[in-house]
Amino acid sequence: METSKNELPVEQLELITQYQSQVATRIHSYAFGYILLGLLWAAPIAALAAGFGWGGFALLATAMATGLWSVRVTRKTGVRLTSIDRGSKTATYGAWILFIWVLSASAAALSIPLTGTPLIPLVAAGVSAVVTALMGIRIDRELVRATQSGEDA
Amino acid sequence: MKHSFDEVIHAPNRLAICAMLSSVEAIEFGAIRDELGVSDSVASKHLKVLTDAGYISFESKPDELSKRPRSWISFTAAGASAFNDYVALMQRLIAGSGSIGDLNSETAIQAT
């Protein structure tokens, strides 16, 4: 049976693209999820306003919640992503999340004995929450793009 | 120039499985079955062909919450290479370096 020259390979490549997109859809999370994640990780910083003890407790609770969330997400999607390439945009966004969180937490921790006001921890928590959410959304976009095109993130 | 399709990868369901595996570390069996829209037995049959060819590997891990075993499938190096070669072949065909004549069980194609 004669097949037109490009018909079969085009169909095969379209099938590949279709299923890569389906996997990308599985790993995609909505912006709301990243906003919640930002708030979750801002909680320990904000809790410093109530004292170092509360900050430590909130940090422990946040770490446990993040671990559980991560397990649930992997379970639900049924997908394990490849390791993130150190030089990738994904890694850069992740580094920004970590950097701003450490900076915010440090500013909050140092401000308590100096000023005694809860304002700085709350502002620092807000900054961290916004950066985490924004970078989280960008990470999601990068992971989806890489998965759709069959690349490493 | 002669080109040969990799018959293991060429079948639509197996090509779909390879496409899904191509950009992730591993996919769980249930996710593959659901994305293909087939039964457990059909999915298993195709996965067995890929396993016998040495293109994929299975890892059984207990679920972190329920502790029930879950099967995770990932490409082997040979499988990833074979898939990349298949994609490259398709792209070359589209670019016009070969043409498709009769497709038979040997899956040989010949250039004009």
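This is a predicted model: local features need pLDDT of at least 70, side-chain atom pairs count only at pLDDT 80 or more; totals for chains, interfaces and linings use all residues.
Let's begin in chain B, where helix α2 (residues 12-21) lies across the strands β2, β3 and β4 of that chain, running at about 90° to β4(B).

Strands of a sheet pair through backbone hydrogen bonds, either parallel or antiparallel. Here the sheet is open and has 4 strands, in the order β1(A)-β2(B)-β4(B)-β3(B), with antiparallel pairing. At the edges you will find β1 of chain A and β3 (56-62) of chain B, each of which pairs on one side only. Further in, β2 (residues 26-28) and β4 (residues 69-75) of chain B pair in the antiparallel sense over 2 bridges. To find this pairing on screen, look for B:Ile27, whose bridge partner in β4(B) is B:Ile73.

From here, move over to chain A and its helix α3, which covers residues 52-77. This helix has 26 residues and reaches 37 Å from its first C-alpha to its last, close to the 38 Å expected at 1.5 Å a residue. Which residues of α3(A) are buried? They are A:Gly55, A:Ala58, A:Thr62, A:Thr66 and A:Thr77. An α-helix has 3.6 residues a turn, so residues three or four places apart point the same way. The cover over the buried residues of α3(A) includes α1 (7-27), α2 (31-47) and β1 (79-80) of chain A, together with α3 (29-36) of chain B. Just after α3(A) comes A:Gly78, which takes a positive phi of about 70°.

Definitions and conventions:
Residues are numbered from 1 along each chain as its sequence is written. Chains are lettered from A and ligands numbered from 1 in the order in which they are written. Side-chain values use heavy atoms; hydrogens and water are left out. The expected span of a helix is 1.5 Å times one less than its number of residues. Buried means under 20% relative accessible area, exposed over 50%, partly exposed in between (1.4 Å probe, protein chains only). Contact means heavy atoms within 4.5 Å. Two strands pair if DSSP finds at least two bridges between them. Axes are lines fitted to C-alpha atoms, for helices over the stretch in contact, and angles run from 0 to 180 degrees between N-to-C directions.
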